[in-house]
Amino acid sequence: MDSKVAGYCAVAAILGIIAAATGFAAEATKVKASEVYIVLDTCIYPSSPALALGIVSAVFTIITRIYISVTFGGGGCCRTDPNATPISKLLSVLSWVASVIAVCLLLTAAGLNNRQGGQVNSYGYIICYVVKPGIFATGAILALLSAVFGIAAFITLTPQPQITTNPAVAYPMGANVDPEKNPVPFPPQQYPPQQY
């Protein structure tokens, strides 16, 4: 792998790691059910950086997806690239799916983490919503897997072979060359001779 390709892969990996790290930080700082209290039929949530961290993680996941698509050649699954193998196409699809699910999980969890108010159920109790454990972490893992799958899809592309259709043939030339003594090898004819 040349240094240019290694640099592209390193940038994609760093973007994926940033997305995962902010997603895990959002998981660690999210609002827990024990921190929510009720005042006059309203759920009061403490301030938490999980909203901002979840949004930053989703944005870095989108940036990683765009970077991989632009740098590594777009959607490798849907085009007819002669270098694409079935494995690289599968990895490209997995990268896209992981990106979409990660962004949905991260943004949904961030929105639920900052929810104010509450609902009264059919028994008259107030229900306060909090993000279930592991939602931010799942989004973070999928954001990282998206980058890993995208890099792997690019690496598994087979290099295009160098095919020469007309190999070079050396023909003797000069004043001291006798064609009777040194016959020149000619390639075989490709078409049958014409008959009249």
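Reply: Contact means heavy atoms within 4.5 Å. Residues 24 or more positions apart account for 77% of the contacts in the protein with a separation of 6 or more. The model is predicted: local features need pLDDT of at least 70, side-chain atom pairs count only at pLDDT 80 or more, and totals for chains, interfaces and linings use all residues. Residues are numbered from 1 along each chain as its sequence is written, and side-chain values use heavy atoms, with hydrogens and water left out.

Me: What makes a stretch a helix or a strand, and how many of each are there?
Reply: Both are DSSP runs, numbered from the N terminus: helices are H or I with at least four residues, strands are E with at least two. The protein has four helices and four strands, in the order α-β-β-α-α-β-β-α from the N terminus.

Me: Why is α1 called roughly antiparallel to α4?
Reply: Helix α1 (residues 3-29) and helix α4 (residues 135-155) pack at about 170°, with axes 7 Å apart. Axes are lines fitted to C-alpha atoms, for helices over the stretch in contact, and angles between N-to-C directions run from 0 to 180 degrees. Angles under 35 degrees count as roughly parallel, over 145 as roughly antiparallel, 65 to 115 as roughly perpendicular and the rest as oblique. The angle of about 170° therefore makes α1 roughly antiparallel to α4.

Me: Which residues make that contact, and of what class are they?
Reply: Among them are Val5, Cys9, Gly16 and Glu27 of α1, and Ile135, Leu144 and Phe154 of α4. By class, the contact of α1 with α4 has 20 nonpolar, two polar and one charged residues. Ala, Val, Leu, Ile, Met, Phe, Trp, Tyr, Cys and Pro count as nonpolar, Asp, Glu, Lys and Arg as charged, and the others, Gly among them, as polar.

Me: Is isoleucine 17 buried or exposed, and why?
Reply: Buried means under 20% relative accessible area, exposed over 50%, and partly exposed in between (1.4 Å probe, protein chains only). Isoleucine 17, in helix α1, has 51% relative accessibility and so counts as exposed. Valine 97, in helix α3 (residues 86-113), has 41% and is therefore partly exposed. Leucine 94, also in helix α3, is partly exposed because its relative accessible area is 33%. Buried residues make up 30% of the 196 residues in the protein.

Me: How do you know that arginine 65 lies over the face of tryptophan 96?
Reply: The rule asks for NZ of Lys or CZ of Arg within 6 Å of the ring centre and within 35 degrees of the ring normal. Arginine 65 is 4.4 Å from the ring centre of tryptophan 96 and lies over its face.
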